[in-house]
Amino acid sequence: MTQNADHDSLALARRTWKVLEPYHGAVYFSPEAAGHYADLGVDARTGYFASRSAALGAAPADLVIATFYNFNPQVVRRAIPAAWEAATPQQFAAARLTGIDTTLRRILGADVSSPALARAAELARSAAEVTLPHPQGRPLFAAHAALPWPSAPHLVLWHAQTLLREFRGDAHVAALLTAGLSGIEALVTHTATGDIDAGVLRTSRAWTPEQWGQAVQNLRERGWLSEGPQLALTEDGARRRAEIEHTTDRLSALPYRTLGPAACAELRALARPFSLAVAKELLPWAVHRLGEEDA
């Protein structure tokens with residue numbers, strides 16, 4: 001493959017993943033899912049850790065910390081293994097699926113039965129199934145890949161994107177580790193790119209201001225961040241962060257490269273309205289990323 005062709009395939013992978021990501025991410029902000037976790041006797045944050053890690057079985061806290069990577073270990077330890085005393089992993093997995101089913105039906109309405117959604121589900125499943133023979137080094141992906149496929153098209157599309165997302169996520173963790181970034185340092189450098197507000201990442205991952213400040217200082221001493229009141233990458237930090245993203249794209253491109261440019265473009269066109277509807281309802285910060293059609 002030529003350098004230009006490789007660049008095009010990586011761009012294809014990133015573009016297609018980004019369009020479908022809100023469709024998966026809805027489950028983390030779903031009031032219906034949170035309600036089902038409450039029915040099992042836990043709060044929304046504990047339900048998040050338990051439902052996403054449920055595919056691993058009754059995982060100990062250290063395994064969840066390892067695979068989720070960028071959360072404050074203390075908040076994980078407050079949730080796990082206490083969650084398994086409230087309900088089984090199978091119950092949490094069922095609550096998650098039921099929750100997203102209800103959420104998608106509410107937001108999309110009659111579109112859950114549309115030919116467009118059925119075709120999007122078919123394409124996304126084809127892409128996701130390419131990843132199934134490649135679980136090596138991807139523990140969170142492998143656990144979700146072992147779950148049964150749902151039958152309803154809107155859930156097939158959601159499960160397919162879940163697999164593609166965890167396939168990419170495990171690769172991203174590997175790239176971050178290789179670059180020498182801890183979980184909180186990964187968040188700080190992500191914030192420094194300007195893609196997302198520091199407060200959103202810090203509070204959602206339960207890091208204290210003191211821990212955040214120490215990570216910022218450590219990164220400045222290592223040459224990743226510039227001095228000054230604004231959180232900004234140095235030239236070297238920007239280069240290294242770009243290398244992380246490039247490595248993640250490279251390790252995640254297989255399903256999209258196999259699906260091909262035309263089918264990926266079709267999938268993006270079909271899925272964008274569904275992702276946009278979900279984002280407007282539950283992930284408003286993601287809306288601007290979905291507004292533009294492919295050039």
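**Charged pairs and their surroundings**

A: Arg239 has a relative accessible area of 42%, and therefore counts as partly exposed, since that class lies between 20% and 50%. The model examined here is a predicted one. The salt-bridge partner of Arg239 is Asp236, and the closest N and O atoms of the two are 2.4 Å apart. Asp236 is likewise described as partly exposed, because its relative accessibility is 31%. Both residues belong to helix α14, and because they are three residues apart there, about one helical turn separates them.

Some salt bridges also share partners: Arg14, Arg168, Arg241, Glu245 and Asp249 are joined in this way into one network. As a general point, side chains of opposite charge can pair when their charged atoms come close.

Asp249 forms a salt bridge with Arg168, with 2.7 Å between the closest N and O atoms. This pair connects distant parts of the chain, for Asp249 lies in helix α14 (residues 235-252) and Arg168 in helix α10, 81 residues apart. Asp249 and Arg168 are both buried.

A further pair is found in helix α7 (residues 89-108), where Asp101 and Arg105 lie four residues apart, about one turn of the helix. The closest N and O atoms of their salt bridge are 2.8 Å apart. Asp101 has a relative accessible area of 18%, so it is buried, the limit being under 20%. Arg105 is partly exposed, because its relative accessibility is 44%. The count of salt bridges in the model comes to 17.

The crossing of the two helices is left-handed. On the α8 side the contact includes Leu117, Ala121, Arg125 and Thr131, while on the α10 side it includes Pro153, His154, Leu164 and Phe167. By class, this contact has 14 nonpolar, two polar and one charged residues.

Ala265 is placed in helix α16 (residues 261-282). Ala265 counts as partly exposed, because its relative accessibility is 31%.

Terms used
Residues are numbered from 1 along each chain as its sequence is written. This is a predicted model: local features need pLDDT of at least 70, side-chain atom pairs count only at pLDDT 80 or more; totals for chains, interfaces and linings use all residues. Side-chain values use heavy atoms; hydrogens and water are left out. A crossing is left-handed if the near helix is turned anticlockwise from the far one by less than a right angle, and right-handed if clockwise. Contact means heavy atoms within 4.5 Å. Ala, Val, Leu, Ile, Met, Phe, Trp, Tyr, Cys and Pro count as nonpolar, Asp, Glu, Lys and Arg as charged, and the others, Gly among them, as polar. Buried means under 20% relative accessible area, exposed over 50%, partly exposed in between (1.4 Å probe, protein chains only). A salt bridge is a side-chain nitrogen of Lys or Arg within 4 Å of a carboxyl oxygen of Asp or Glu.
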